[in-house]
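Visitor: I am new to this structure. Could you walk me through how to read it?
Guide: Gladly. Take a look at it before we start.

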Amino acid sequence: MILEHLVAQHGWEQLGRMINIRCFKYDPSIKSSLQFLRRTPWARQQVEALYLRDKAKPSP
């Protein structure tokens with residue numbers, strides 16, 4: 001759910017710029033990204049932090 005929200009909000013290209021993770025930059029997909037995030041705690045923390053920052057912003 002978090003990843004789907006971020007992709008809808010920012011798109012893969014922007015996510016790849018915001019968080020330097022290869023699975024966001026080269027042939028991105030929800031499936032491959034989730035597999036990477038499940039086994040990589042530092043990347044998961046960055047994604048979760050971005051999600052929390054997005055949710056904290058007031059909606060226009």
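**Reading the model, feature by feature**

Guide: Start with Asp54, which is buried, with a relative accessible area of 11%. Keep in mind that this is a predicted model.

Visitor: Where is the place of Asp54?
Guide: Asp54 sits in helix α4.

Visitor: What joins the side chain of Asp54 to His10?
Guide: A polar contact of 2.6 Å joins the two side chains. Asp54 is also in contact with other residues beyond four places in sequence, including His5, Leu6 and Gln9.

Visitor: How do I read a helix such as α1?
Guide: Begin with a general idea. An α-helix has 3.6 residues a turn, so residues three or four places apart point the same way. Now the case here. The buried residues of α1 are Leu3, Leu6, Val7, Gly11, Trp12, Leu15 and Gly16. Their cover includes α2, α3 and α4.

Visitor: How far apart are the end C-alpha atoms of α1?
Guide: They are only 15 Å apart, although α1 has 17 residues. A straight helix would reach 24 Å at 1.5 Å a residue.

Visitor: Where does α1 bend?
Guide: At Gly11, by about 95°. Gly11 is among the buried residues of α1.

Visitor: Which residues have the most contacts inside the largest nonpolar core?
Guide: Look for Leu15, Ile21, Phe24, Leu37 and Val47. This core has 15 residues. Two or more residues come from each of α1 (2-18), α2 (22-25), α3 (30-39) and α4 (41-56). α1 gives the most, with 5 residues.

Visitor: What does Val47 touch?
Guide: Leave out residues up to four places away in sequence. Val47 then touches Ile2, Leu6, Ile19, Ile21, Phe24 and Leu37.

Visitor: How many aromatic pairs does a search of the whole structure find?
Guide: The search finds 2. To read a pair, check the ring centres, then the angle between the planes. Trp12 and Phe24 are both buried.

Visitor: And Phe36 with Trp42: what are the distance and the angle?
Guide: Phe36 and Trp42 lie 6.3 Å centre to centre, with 80° between the planes. That pair is edge-to-face. Trp42 is partly exposed, with a relative accessible area of 45%.

Visitor: What else does Trp12 touch?
Guide: Again, set aside residues up to four places away in sequence. Trp12 touches Leu3, Val7, Phe24, Pro28, Ser29, Ile30 and Ser33. Consider Ile30. Trp12 and Ile30 are 18 residues apart in sequence and 9.9 Å apart in space, C-alpha to C-alpha.

Visitor: Where is Asp27 found?
Guide: In the loop between α2 and α3. Asp27 has a positive phi of about 50°, although it is not a glycine.

Visitor: Is Asp27 buried or exposed?
Guide: Use the cut-off here. Exposed means over 50% relative accessible area. Asp27 has 71% relative accessibility, so it counts as exposed. Asp54, where we began, is buried at 11%.

Terms used. Residues numbered from 1 in each chain as written. Predicted model: local features only at pLDDT ≥ 70, side-chain atom pairs only at ≥ 80, totals over all residues. Heavy atoms only, no water. Core = buried A, V, L, I, M, F, W, Y, C linked by side-chain atoms within 4.5 Å. Buried < 20%, exposed > 50% of the residue type's maximum accessible area, 1.4 Å probe, protein only. Helix = DSSP H or I, 4+ residues; strand = E, 2+ residues; numbered from the N terminus. Contact = heavy atoms within 4.5 Å. Expected span 1.5 Å × (residues − 1). Bend = angle between axes of the 7 residues up to and from the residue. Phe/Tyr/Trp six-rings, centres within 6.5 Å; stacked < 30°, edge-to-face > 60°. Polar contact = N/O pair within 3.5 Å; in protein donor to acceptor, adjacent residues only side chain to side chain.
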